[in-house]
Amino acid sequence: MPMSATLITEARVLRADGKATDASDVLIEDGSIRAIEPAGSITREDVSRIDGADKLLVPGLVNGHTHGHGGLGKGLVEDRVPLEVFLSATGAINGSRTLADKHLSTLLTAIELVRKGCTAAYDLAVEYPLPTLEGMSAMADAYAEVGMRAVLAPMMADHTLYDALPGLMEALPPDLRARAVAARAQPAEAILAAARDILAGWRHDREGVRPALGPTIPLHCSREFMTGCARLAEEFDVGLQTHLAESKAQAVLGHTKFGKSLVAHLDDLGVLGPRFSGAHGIWLDDEEIARLADRGAGIVHNPMSNLRLGSGVAPARKLLAAGVRLGVGTDASNTSDGQNMFEALRLAAFLSRVADADASHWISAEEAFRAATLGSARILGFDKIGLLEPGYRADIVFLRLDHINYVPLRNPLLQVAFAENGAAIDTVMIDGPLVLADGRLLTVDEAEVRRKAEAARDRLDAANLSAIEAARPFRDLVGHFCLAHARTPYHVHRRLPDRG
Ligand SMILES: [Zn+2]
C-alpha cells in the first residue's frame with residue numbers, strides 16, 4: 001500500500017537546535033516527518049506539494065493545562081476576582097449545560113487553540129454532578145472534529161470549597177452554612193466509579209484524544225479519593241493532573257489541613273510520579289521542588305491566568321534548575337480570556353524577570369519556547385510531538401515571514417517567542433492533514449459554531465442567572481477568608497519561597 005506523502009517545499013524550519021534552516025523541503029509520510037533537506041534535494045514525484053516559500057515552520061505549540069468548558073464562559077468571570085472567589089461561583093457559571101453545550105464549549109476552545117498555533121492540549125473538563133462517559137466523549141469528539149490532539153481528564157472532587165478549606169465552613173453565617181452543607185459533593189466511591197466508566201469505555205484513538213484523570217485541587221480531595229484516582233491512573237496507564245499550590249491560601253491551608261506541604265501530602269499518598277503533573281505550581285518551597293524533581297513529576301506554568309486571578313508567579317527558574325519537567329498552559333478562557341499559547345510562553349519568559357535582577361536567572365526565549373512545545377508534550381505524554389525533526393509527527397505551524405512581526409527577520413526563535421501573537425499564522429498541519437490553510441479553518445464551520453455559541457450564551461445566562469445571584473453572598477466571605485490566609489506570613493515553612 002502506498003503511503004500518503006506530502007512535500008513542503010522551500011520553507012524555513014525551526015529545528016531542535018533552536019535555529020531556522022535556509023529554504024528546505026520537508027517530506028511527510030503517513031503523518032510523520034521523514035526528512036528535512038535543503039530545497040530541491042528531495043526528488044519524489046508521488047507526493048502532494050505545499051508551497052512553503054516565505055514561511056517559517058515551527059512545531060505546533062502544546063498547551064499543558066486548559067479547560068474546554070471555559071470556551072462558553074468567556075466574559076463571564078468578573079474583573080478583579082481572585083481564585084477562591086472564582087471557585088465559589090464555578091458551579092453556577094458552568095451549570096445547566098446540555099450534552100450539546102459541553103461539545104460546543106470544547107469546540108470553541110479547540111478552534112481558538114488551533115487558530116493561535118496550538119496543536120495539542122491537556123484539558124481538565126468539569127461536569128455536574130458527576131463526570132460521564134457520554135459527556136467526555138462529546139468533548140473528545142470536539143477535539144477530533146477540529147483535528148487536534150488532546151488529553152481529556154474529568155475534573156473531580158469529593159469536597160466542595162466549603163468542606164475543602166479548613167475553617168471556612170465555620171466562618172460562614174448560619175444561613176449560608178446551611179446552604180453550603182446542603183450542596184455537598186458526591187461521595188468518593190461514586191466519582192471513582194464514574195471515572196472508571198470513562199477510562200474503561202474510552203473509544204477514541206489515544207494518539208488523537210486520550211483520557212486522563214483530574215482530581216481538581218488536593219485540598220478538595222479526600223485521601224481516599226486522591227489515592228483512588230492514583231490507582232485508576234496506574235491501572236489504565238493514564239496521566240493525572242491537579243491544580244497544585246495555585247494560591248497562597250491553598251499552600252497555607254494545606255499545612256493546616258495535612259500538617260505538611262501539599263507536595264509532601266501527595267507524595268505520602270503515592271500520587272507523585274512521571275504520570276503526575278501539577279498545574280500552576282506557584283507556592284512551592286525548595287523542598288517541594290526537589291521532591292517533584294525526584295519523582296519525575298511535571299509542572300505547568302499558566303502565567304496569564306495567574307496574573308488575571310492575582311495568584312502569583314511560578315518559580316520557573318527554580319523548577320527548571322531542579323530538573324522538574326516544565327510545560328506552559330493557558331488555563332481556561334473564562335479566567336484567561338483566551339487560548340493564546342504564544343502569549344503564555346512570552347509571559348513565562350518575561351515574568352521570570354520581574355522578581356530577579358540577575359539576568360542569568362531569567363527564562364530565555366528558547367527555554368520558554370521549549371517548555372511550550374516539548375515540555376508540555378512530555379506532560380501530555382505524547383513522545384513524538386513538540387519538535388520538527390525526522391521521526392516526529394507532522395504537527396506544524398506555518399508562519400508568514402512577510403508579516404510585519406518578521407520584517408525585518410534577524411533572529412527567528414527570538415522573534416517568534418517575543419513578537420508572535422498568532423497573527424502571522426497561515427497554515428496549521430496536525431498529524432499530516434491541514435487543519436487551517438490560508439487562515440481558514442478547514443475542519444468545522446466556524447459561522448455555524450458562532451451561531452450556536454451566541455444562542456447558548458443567551459439560554460445559559462438566563463438559566464444560570466438565579467444560581468449566579470445565589471452564589472453572590474458567598475463571594476465576600478470567601479474572599480476575606482482567603483485574603484486573611486494569604487496575608488498570614490508563610491511561617492509554616494519559615495521561608496517564603498523566592499519568586500523567580
Ligand atoms: Zn485550571
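In the predicted model, the buried residues of helix H15 are Met-341, Phe-342, Ala-344, Leu-345, Arg-346, Ala-348, Ala-349 and Leu-351. Helix H15, which spans residues 341–351, is therefore described as mostly covered, because eight of its eleven residues are buried, that is, have under 20% relative accessible area. An α-helix has 3.6 residues a turn, so residues three or four places apart point the same way. At the start of H15, the backbone nitrogen of Phe-342 has a side-chain oxygen of Asn-340 within 3.0 Å.

The buried positions in H10 are Lys-248, Ala-249, Gln-250, Ala-251, Val-252, Leu-253, Gly-254, His-255 and Phe-258. These buried residues pack against several other elements, namely helix H1 (83–87), H9, E10, helix H11 (262–268) and helix H18 (446–487). Just after H10, the backbone of Gly-259 adopts a positive phi of about 70 degrees.

The strands can be described next. Eight of them form an open sheet in the order E6-E7-E8-E9-E10-E11-E12-E13, and their pairing is parallel. Strand E6 (61–66) and strand E13 (325–328) are the edge strands, each of which pairs on one side only. From one strand to the next, the twist averages 25 degrees. Helix H9 (residues 223–236) packs on this sheet, where it touches strand E8 (149–156), strand E9 (209–215) and strand E10 (239–244), and the direction of H9 makes about 160 degrees with that of E9. Strands of a sheet pair through backbone hydrogen bonds, either parallel or antiparallel. In the case of E6 and strand E7 (residues 118–125), the parallel pairing extends over four bridges, and Val-62 has Ala-120 in E7 as its bridge partner.

Further along the sheet, strand E11 (residues 276–280) runs parallel to E12 and is joined to it by three bridges, with Ala-279 standing opposite Val-300 in E12. In a regular strand the side chains alternate between the two faces of the sheet. In strand E12 (residues 298–301), Gly-298 and Val-300 point one way while Ile-299 and His-301 point the other way, and all of these residues are buried.

The model also contains a zinc ion, whose protein donors are His-65 (NE2), His-67 (NE2), His-243 (NE2) and Asp-331 (OD), lying 2.1 to 2.5 Å from the ion. Along the chain, these donors follow the spacing H-x1-H-x175-H-x87-D. His-243 counts as buried because its relative accessibility is 6%, and Asp-331 counts as buried because its relative accessibility is 4%. The angles among the four donor atoms range from 83 to 173 degrees, and the site is irregular.

Finally, Ser-137 lies in helix H4 (residues 133–146), and this serine counts as buried because its relative accessibility is 9%. When its neighbours within four places in sequence are left aside, Ser-137 is in contact with Arg-203 and His-204. Asp-294, by comparison, is 157 residues from Ser-137 in sequence and 35 Å from it in space, C-alpha to C-alpha.

Note on methods:
Residues are numbered from 1 along each chain as its sequence is written. This is a predicted model: local features need pLDDT of at least 70, side-chain atom pairs count only at pLDDT 80 or more; totals for chains, interfaces and linings use all residues. Side-chain values use heavy atoms; hydrogens and water are left out. Two strands pair if DSSP finds at least two bridges between them. Helices (H or I, at least four residues) and strands (E, at least two) are DSSP runs, numbered from the N terminus. Axes are lines fitted to C-alpha atoms, for helices over the stretch in contact, and angles run from 0 to 180 degrees between N-to-C directions. Contact means heavy atoms within 4.5 Å. Buried means under 20% relative accessible area, exposed over 50%, partly exposed in between (1.4 Å probe, protein chains only). A polar contact is a pair of N or O atoms within 3.5 Å; within protein, one must be able to donate a hydrogen and the other to accept it, and residues adjacent in sequence count only if both atoms are side-chain atoms. Donors are N, O and S atoms within 2.8 Å of the metal (3.2 Å for Na, K and Ca); water is not among the atoms, so sites may look incomplete. Four donors count as tetrahedral if all angles lie between 85 and 135 degrees; four count as square planar and six as octahedral if opposite donors are over 155 degrees apart and all others between 65 and 115; anything else is irregular.
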